[in-house]
Amino acid sequence: MPDRDQLLEAFTAGSLLRPDPTYMNVVDVIRGIAYACGADVSPDDHAKAIAGHLRDARHVILVLADGLGVNTVDGLARNTWLRRRMLRAIRAPFPATTPVAITSLATGEYPAQHAILGWWTYLPQVDAPATVFAHKRATDNRSLDGLGVAVECLLPGLPLLPRFTRDTALIMPAGIIDSAFTRWMAGDARRIGYHGQSEIVAATVERVRRADQPTFTYLYTPMPDTVAHEAGIDSAAAADAIDTLDAHLEAIEASLAEIRGGVRIMVIADHGHLAIDGSARFEVRDDDPLAALLRVPPAGDLRTQYWHVKPGAHAKFETEFRARFGEHFLLLSAATVDGLRLLGPASITPETRARLGDYLSVARGAAALRYAGFSGRDGYRRMRSSHSGLTPAEIEVPLILGGSGFTR
Ligand SMILES: [Zn+2]
């Protein structure tokens, strides 16, 4: 059976989730927030529902809890803040990974339009994969700035936050507060760095308390993602990190309970997590027979990859890929990816098409695969949990609503 049909069969069986605009997505959340915060967006029904939750709130806080999937929230104790405030499940954009989802948050667009397709995204201007957040060419770690590639070239979407009419601020770890990506996302909005998770409460509460106008605050936390990769999403270490985050969010809510005008604290995630099958952890090295058929190293992520194949080598590549990885990965042509609208409800742009290459591969189960030449190889070999695929554990993320000054 062709891989396209096997994918459709997996969608029907529910082992993989078909990207479908009928379900509320992270993109709808940011569009609804943008609408409520005065930006020039036209909201659909999902975005209007989000804006409805924020109605009349003087202060809106969006918390992005990296890697917090629905099944993780469902597994928490009933008395946790996250469980008590959970509204419903929504979906992450595909591929379910941080640069893709955060670029969707930054632009209000799906990957089909914003053209960020994974942790490593092929960039025609340097004819190589780029590491999106580091703003570097992934094959030699040279700065894209030094190669003459401006951040707007890597990120062709239009940033949304600078179009908010509210007093807008971003609260992020100090290590990334001045990155090219963060600066692009923020525009002229205020950027506030924090040094440890314990600082997120004071940073958020002070920012809102000091404001003399209605505000929007975006708070990013790398928890539980960082711990989940290392120790596993179901580990005691990940549970501790989530408990700490839960306590911090409850503390933010309690500290802002008396603020005039009402506060909404909306919590979402960029993707969930899936435990990796250690016996299905693969690498493609430069001396690999598959690599000889490629124009450039495979880009993408650990459970979704993009392949740029040499002219005339397509049939051979398909045969070899399926012989090597077919048990664990589906191989889909770029036309199939676009036709099934896997990257968003609208057709892909020419820029996205150029970055996608000839094929996309996506994991059937719990496998992982990466190009061995990128930095971070040791971390990959230790990695217990991952994401970027289409399983429910990766795609389903929570929509959580807390705050004060409204009836629940
Ligand atoms: Zn991650």
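Two strands pair if DSSP finds at least two bridges between them. Helices (H or I, at least four residues) and strands (E, at least two) are DSSP runs, numbered from the N terminus. Strand β1 (residues 59–65) runs parallel to strand β10 (residues 263–268), and six bridges join them. We will return to that pairing after the overall layout.

This is a predicted model: local features need pLDDT of at least 70, side-chain atom pairs count only at pLDDT 80 or more, and totals for chains, interfaces and linings use all residues. Residues are numbered from 1 along each chain as its sequence is written.

Start with the whole protein. There are 17 helices and 19 strands. The radius of gyration is 21 Å, close to the 22 Å that the globule rule gives for 408 residues, so the protein is as compact as a globular protein of that length. That radius is taken over C-alpha atoms, and the globule rule is 2.2 Å times the number of residues to the power 0.38. Along its principal axes, the C-alpha trace spans about 65 × 45 × 40 Å. Of the 408 residues, 50% are buried. A residue is buried if 20 or more other C-beta atoms lie within 10 Å of its own, exposed if 12 or fewer, and partly exposed in between; C-beta atoms are placed from the backbone. Two residues are in contact if their C-beta atoms, placed in that way, lie within 7 Å. Among contacts between residues at least 6 apart in sequence, 72% join residues at least 24 apart.

Next, the domains. The protein is divided into domain 1 (3–14 + 276–386) and domain 2 (26–275 + 392–404). These bounds come from an automatic or database domain assignment. The C-alpha centres of the two domains lie 26 Å apart. Their contact takes 32 residues from domain 1 and 33 residues from domain 2. On the domain 1 side, β13 (299–300), β14 (304–307), α15 (350–356) and β18 (385–386) are the elements that give two or more residues. Helix α15 gives the most to that side, with five residues. By class, the domain 1 side has 15 nonpolar, 12 polar and five charged residues. Here Ala, Val, Leu, Ile, Met, Phe, Trp, Tyr, Cys and Pro count as nonpolar, Asp, Glu, Lys and Arg as charged, and the others, Gly among them, as polar.

Now the interior. A nonpolar core is a set of buried Ala, Val, Leu, Ile, Met, Phe, Trp, Tyr and Cys residues joined through C-beta atoms within 7 Å. The largest one has 123 residues, and Val-26, Ile-33, Val-60, Val-63 and Ile-268 have the most contacts inside it. Helix α2 (residues 26–36) gives the most to this core, with eight residues.

Which elements cover the buried residues of α2? They include α3 (45–53), β1, β2 (86–91), α6 (98–107), β10 and β19 (396–404). In α2, 11 of the 11 residues are buried, so the helix is largely enclosed by the rest of the structure. Gly-38 follows α2, with a positive phi near 90°.

Back to β1. Seven of its seven residues are buried. His-59, Ile-61, Val-63 and Ala-65 point one way, while Val-60, Leu-62 and Leu-64 point the other way. Seven bridges join β1 to strand β9 (residues 215–221), and these two strands run parallel. Ala-65 has Thr-221 as its bridge partner in β9. Leu-64 stands opposite Ile-268 in β10. Leaving aside neighbours within four places in sequence, Val-60 is in contact with Ile-33, Ala-36, Cys-37, Leu-54, Phe-216 and Arg-264.

Phe-164 sits in the loop between α8 (151–154) and β7 (167–173). Phe-164 counts as buried because 20 C-beta neighbours lie inside 10 Å. Beyond four places in sequence, its contacts are Ala-34, Cys-37, Gly-38, Ala-39 and Phe-216. The C-alpha atoms of Phe-164 and Ala-39 are separated by 4.7 Å, although the residues are 125 apart along the chain.

Finally, the backbone. Most residues other than glycine have a negative phi, and most peptide bonds are trans. The bond from Phe-94 to Pro-95 is cis, with omega near -5°. Pro-95 lies in the loop between β2 and α6. The bond from Met-223 to Pro-224 is also cis, with omega near 10°. Ser-388, not a glycine, has a positive phi of about 115°.
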